[in-house]
Amino acid sequence: MFYQILALIIWSSSFIAAKYAYGGIDPALMVGVRLLIAALLVLPACRRHIGKIPREEWKPLLIAAFVNYVLTLMLQFVGLKYTSAASASTIVGLEPLMMVFIGHFFFNDKAETHHWICGAAAFAGVALLMAGGAEEGGEVGWFGCFLVLLAGIGFCTAVRPTQRLIARIGAPAFTSVSIAAASLMCLPFSLALAQSYTVHWSWQGVVSLLYLGVGCSWYAYWLWNKGMSRVPANVSGLLISLEPVVGVLLAVLILGEHLSPVSALGVFVVIAATLVAGRLSHQK
């Protein structure tokens, strides 16, 4: 679990880096550039592994690459444009419970009673977050939060098939080839969804893009996929409850996004519900 915990800590800072990058580049273009940077880093490993992947594994690999990288990242970071980093991080906090419920309905991985109770509490927390309205230094946007929620649904749906695929072809092969493939698949979406092709270069923007490409897109996914082969999907989902804790703290400390009292209560309810669900699952 150490690998996945470290990956989640890195991912929790990605919304902060993206807010700095948005001053110089469109969010859709940013996703394409960060995947391109990651693809350049994995290219040597990709060349070693690409010829060893069985032909029948290419279709599930390309689907997993599209969902895990292109769909999830595009929805998350376009959504982030319309809401604050703190609220986006809180929506990510729903993913542990979404992982359980998706497993219940589609993968015969039955949810327990406490999952349903905590799930209801978590979604009530999101309602409080929305009702809290504007924040200092940011804004709680319904549309942005909805896109981040859709990204979480896609990510959680892909975890179990991706886990089985990694068990068959290995984490190094999957990580390198999927990132390289995703960078190519993302290109038309970045160009089609971008509202502006103008890039305003600054040192903050460049550092943010490099951090998103190297740290959040390459290294964090390498850590996550390495841990995925040894950690059950439900446990991986529950570990995600760490991400909103760190993400909200960073949004407050670095971006100055001070939550309104009602929104802060909603954040607390979401995080508490996921932590309680994880604790009860661990005890059971």
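Helices are DSSP runs of H or I with at least four residues, numbered from the N terminus. By that definition, V126 has its place in helix α7. The structure shown above is a predicted model.

**The crossing of α5 and α8**

- Helix α5 covers residues 85–92 and helix α8 covers residues 142–169; their axes cross at roughly 35° and come within 9 Å.
- The handedness of the crossing between α5 and α8 is right-handed.
- On the side of α5, the contact is made by S87, A88, I91 and V92, while α8 contributes C145, V148 and L149.

**The nonpolar core**

- The largest nonpolar core contains 80 residues.
- Within that core, the residues with the most contacts are W11, M30, V31, Y69, F77, L80 and F174.
- Apart from residues up to four places away in sequence, M30 touches A18, A21, Y22, I25, F77, L209 and L212.
- One of these partners, F77, is itself listed among the residues with the most contacts inside the core.

**Aromatic pairs**

- A pair of aromatic rings is described by two quantities, the distance of the centres and the angle of the planes.
- The structure contains 12 aromatic pairs.
- In the pair of W11 and Y221, the ring centres are 4.9 Å apart and the planes stand at 65°; planes over 60 degrees apart count as edge-to-face, and therefore this pair is edge-to-face.
- This pair joins distant parts of the chain, with W11 in helix α1 (residues 2–12) and Y221 in helix α10 (residues 203–228), 210 residues apart.
- W11 counts as buried because its relative accessibility is 9%, and buried means under 20%.
- Y221 is likewise buried, since its relative accessible area is 5%.
- F66 and F189 also form an aromatic pair, with 5.6 Å from centre to centre and 55° between the planes, and this pair is tilted.
- The pair of F66 and F189 also links distant parts of the chain: F66 belongs to helix α4 (residues 58–80) and F189 to helix α9 (residues 171–193), 123 residues apart.
- F66 counts as partly exposed because its relative accessibility is 25%, and F189 is partly exposed at a relative accessible area of 37%.
- Ring pairs also connect W11, Y69, F155, Y221 and W224 into a cluster.

**H49 in helix α3**

- H49 is located in helix α3, which covers residues 27–49.
- With a relative accessibility of 18%, H49 counts as buried.
- H49 and F174 are 125 residues apart along the chain, and their C-alpha atoms are separated by 8.6 Å.
- Not counting residues up to four places away in sequence, H49 touches P172, A173, S176 and V177.

**W58 in helix α4**

- W58 lies in helix α4 and counts as partly exposed because its relative accessibility is 25%.
- When its neighbours within four places in sequence are left aside, W58 is in contact with I50, I53 and V177.
- The C-alpha atoms of W58 and S12 are separated by 30 Å, and the two residues are 46 residues apart along the chain.

- V126 counts as buried because its relative accessibility is 12%.
- Residues up to four places away in sequence not being counted, V126 touches I91, L94 and V270.
- I91 also takes part in the contact of α5 with α8.
- V126 and G256 are 130 residues apart along the chain, and 21 Å separates their C-alpha atoms.

**N108 in a loop**

- N108 is found in the loop between α6 (95–106) and α7 (113–131).
- N108 is exposed, because its relative accessible area is 63%, and exposed means over 50%.
- Most residues other than glycine have a negative phi.
- The phi of N108, however, is near 55°, a positive value in a residue other than glycine.

Definitions and conventions. Residues are numbered from 1 along each chain as its sequence is written. This is a predicted model: local features need pLDDT of at least 70, side-chain atom pairs count only at pLDDT 80 or more; totals for chains, interfaces and linings use all residues. Side-chain values use heavy atoms; hydrogens and water are left out. Axes are lines fitted to C-alpha atoms, for helices over the stretch in contact, and angles run from 0 to 180 degrees between N-to-C directions. Helices (H or I, at least four residues) and strands (E, at least two) are DSSP runs, numbered from the N terminus. A crossing is left-handed if the near helix is turned anticlockwise from the far one by less than a right angle, and right-handed if clockwise. Contact means heavy atoms within 4.5 Å. A nonpolar core is a set of buried Ala, Val, Leu, Ile, Met, Phe, Trp, Tyr and Cys residues joined through side-chain atoms within 4.5 Å. Buried means under 20% relative accessible area, exposed over 50%, partly exposed in between (1.4 Å probe, protein chains only). Rings of Phe, Tyr and Trp (its six-membered ring) pair if their centres lie within 6.5 Å; planes under 30 degrees apart count as stacked, over 60 as edge-to-face and the rest as tilted.
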